[in-house]
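This report covers a pocket, a helix and the nonpolar cores. Please view the model first.

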Amino acid sequence: MRLVSNDISLRTAKVTAVFCALAAAVYGAAQAEPSPLVALFFSFGPLLAVILWLQKDARRTGVGSVLDLGYFLLAAWPIVIPWYAFKTRGRAGWRLLLGLFTLISSAYLGWLTAAWVIYGVRYASWYFRVGT
């Protein structure tokens, strides 16, 4: 009996990434540190969703001839994902590569965006308060 299905769509990976980005942005805006379990989910949730989608796409394209592609992707994803993107999409693989790396780093990008917005608002309020 199989408990985890790796039949995941790219839409599911995008939803996971957006959720992690928004939740990390809330933590960044509140200037709170997430619990270790939540931080682990922010780091590995989007990565695992992308890896599961890549496994499904590799079956479709027939490129992933590695016996355990999922573990191989998890262990060496910064190297394997660019290779896979260019192997399956050719010169247009940079779009897939950029999209997948954006999904993987979505939580960090969400936190960084919220932190910069908060910084900008505080700096603007300080600047206009000092000038009066």
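Which helices each supply at least two residues of the lining of the largest pocket? They are α1, α2 and α5 (106-131).

## Basis

This is a predicted model: local features need pLDDT of at least 70, side-chain atom pairs count only at pLDDT 80 or more, and totals for chains, interfaces and linings use all residues. Residues are numbered from 1 along each chain as its sequence is written, and side-chain values use heavy atoms, without hydrogens and water.

## Pocket

The volume of the largest pocket is about 180 Å³. Its lining includes Tyr27, Glu33, Phe42, Tyr108 and Trp111. Lining residues have an atom within 4 Å of a pocket point.

## Helix α4

Helix α4 (residues 93-104) has 12 residues, which should span 16 Å at 1.5 Å a residue; its end C-alpha atoms are 16 Å apart, so the two agree. The expected span is 1.5 Å times one less than the number of residues.

Buried here (under 20% relative accessible area, 1.4 Å probe, protein chains only) are Gly93, Leu96, Leu97, Leu100, Leu103 and Ile104. They cover an arc of only 130 degrees around the axis, so they sit on the same side of α4. On the other side, Arg95 and Leu98 are exposed (over 50%).

## Cores

A nonpolar core joins buried Ala, Val, Leu, Ile, Met, Phe, Trp, Tyr and Cys residues through side-chain atoms within 4.5 Å. The largest has 21 residues; Val50, Leu54, Leu73, Ile81, Leu100 and Leu103 touch the most other members. Two or more residues each come from α1 (10-30), α2 (36-61), α3 (69-89) and α4. α2 gives the most, with 7 residues.

A second, separate core of 5 residues includes Cys20, Ala24, Phe42 and Ala107.

How values were computed
Helix = DSSP H or I, 4+ residues; strand = E, 2+ residues; numbered from the N terminus. Arc of directions from axis to C-beta. 1 Å grid on protein atoms, 1.4 Å probe; cavity = no way out; pocket = protein on both sides within 12 Å on 5 of 7 lines; lining within 4 Å. Points joined across faces, edges and corners; volume = space filled by probe spheres on them.
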